[in-house]
Amino acid sequence: MKHTHCPNCRHEDIEDFFVIPQAPVHSLVTIKDYEEAIAIPKKEISMAFCNHCGFIFNSSFDTSLDYYTQGYEDQQGFSPTFVKFITGVSQRFIDRYDVKGKEVIEIGCGKGDFINLISELGDNKGIGIDPAWVPGRSAENPRVRFIKEFYSEKHGELKADCIVCRHTLEHIHDTYGFMETIRKSISDNEKVVIFFEIPSIVRILKIQAFWDIFYEHSTYMSPGSLGRLFRDTGFEVLDMYLEYDDQYLFIEAKPVEGKSDKIHPLEESVEELKELTKYFVEQIKIQLDSWREKLEGFKAENKKVVIWGGGSKSVGFLTQFHDVGVIKHVVDINPHMSGNYIPGVGIQYVVPEFLAEYKPDVVIVMNSVYMDEIGKMLNGMGVDPLMLGL
Ligand SMILES: [Zn+2]
């Protein structure tokens with residue numbers, strides 16, 4: 001399946017700039033069986049650039065696959081570093097827009113951690129919508145109810161003062177249609193505040209973060225392309241900012257009549273982003289070659305190498321280097337990951353405590369933000385490996 005139009009602006013002027021030939025189509029489905037894990041299909045990722053709106057997306061993305069209803073594990077709340085970050089972000093948002101005693105809808109709420117938190121912190125009423133929601137995975141909260149479905153037009157009847165959507169837009173192929181549906185649901189209620197969080201493609205391009213490119217993400221937004229999408233679908237950008245070592249891009253917006261002309265200072269032009277894709281193409285081979293050399297060196301020295309940080313980043317990383325055969329284990333702090341097999345790769349997730357006995361020589365940390373937290377846990381177990389952070 002090859003897309004011929006930009007899903008963000010519908011133009012035809014698109015071109016591929018980077019291809020990953022064989023990527024597992026799933027990252028986070030929960031598979032308990034090795035054979036089943038390695039049988040997950042692999043497909044091409046074609047990173048494409050739209051010359052009209054600067055949107056970056058997988059032009060080979062298969063929209064017919066079911067990604068989320070067969071068990072999906074993406075909870076991050078087991079890390080104290082993450083909990084501190086998300087609590088700070090939520091509190092700032094609540095204070096800024098006086099989100100207190102209000103009705104909040106979260107589209108793509110996962111297991112419900114964020115909608116529970118924002119309802120708790122601001123004494124709000126919440127509705128979480130997500131096909132991958134699992135009953136019983138968060139404490140009963142009388143303020144919050146969940147709808148285990150994909151977000152669609154029919155949810156437009158739900159009225160809210162605030163619509164939040166974290167780490168969901170990057171999974172949506174038809175970004176324009178998605179934003180249009182949200183805009184329609186708001187109708188003429190211009191007091192509604194919108195709050196989105198997504199990974200930023202700018203960092204991926206600048207440091208060639210190939211581990212952040214994987215099949216489940218069809219959409220890769222920058223401040224510029226996100227701002228243009230919001231304006232084109234009837235919103236005004238109130239603010240934008242980057243957090244978490246510039247990995248996550250936040251946007252706060254409100255619905256307007258007509259088209260807003262407010263451009264945020266963080267937004268880059270289509271030309272600037274295109275230059276960054278060229279830089280990425282120049283540098284990525286060097287980056288991949290140097291990692292391969294490093295991993296082959298570890299293998300030649302019989303080093304025990306593990307990855308810390310399951311989920312999509314480890315899938316993105318192993319898609320490039322599983323063939324080296326030096327990484328035998330992937331650690332994750334989320335206890336619900338333990339025992340699952342990585343789709344398409346077949347390595348089984350282990351709990352951190354496993355390393356006390358295994359005594360790895362090298363730990364590759366999939367997100368440098370967690371280096372301190374992980375370093376302390378390793379020291380606590382009496383192991384002192386070489387730590388390499390992405
Ligand atoms: Zn476009």
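Helix α4 is mostly covered, with 9 of its 12 residues buried. In this predicted model, the buried set in α4 takes in Thr 175, Gly 177, Phe 178, Met 179, Thr 181, Ile 182, Arg 183, Ser 185 and Ile 186. The length of α4 (residues 175–186) checks out too: at 1.5 Å a residue its 12 residues should span 16 Å, and the end C-alpha atoms sit 17 Å apart, which agrees.

Five strands make up an open sheet, ordered β14-β13-β12-β15-β16, with parallel pairing. The edges belong to β14 (349–350) and β16 (386–389); each has a single partner strand, so one side of each is left without a neighbour in the sheet. Strand β12 (residues 305–308) pairs with β15 (residues 362–365) in the parallel sense over 4 bridges, and Ile 307 stands opposite Ile 364 of β15. Helix α7 packs on this sheet and touches β12, β13 (327–331), β15 and β16, its direction making about 160° with that of β16. Helix α8, for its part, lies across β12, β13, β14 and β15 and runs at about 170° to β13.

The two helices also meet each other. α7 (residues 270–300) and α8 (residues 312–321) pack at an angle of about 80°, their axes 11 Å apart, which makes α7 roughly perpendicular to α8. On the α7 side the contact uses Leu 288, Trp 291, Arg 292 and Leu 295, while α8 brings Phe 317, Gln 320 and Phe 321.

Technical notes. Residues are numbered from 1 along each chain as its sequence is written. This is a predicted model: local features need pLDDT of at least 70, side-chain atom pairs count only at pLDDT 80 or more; totals for chains, interfaces and linings use all residues. Side-chain values use heavy atoms; hydrogens and water are left out. Axes are lines fitted to C-alpha atoms, for helices over the stretch in contact, and angles run from 0 to 180 degrees between N-to-C directions. Angles under 35 degrees count as roughly parallel, over 145 as roughly antiparallel, 65 to 115 as roughly perpendicular and the rest as oblique. Contact means heavy atoms within 4.5 Å. The expected span of a helix is 1.5 Å times one less than its number of residues. Buried means under 20% relative accessible area, exposed over 50%, partly exposed in between (1.4 Å probe, protein chains only). Two strands pair if DSSP finds at least two bridges between them.
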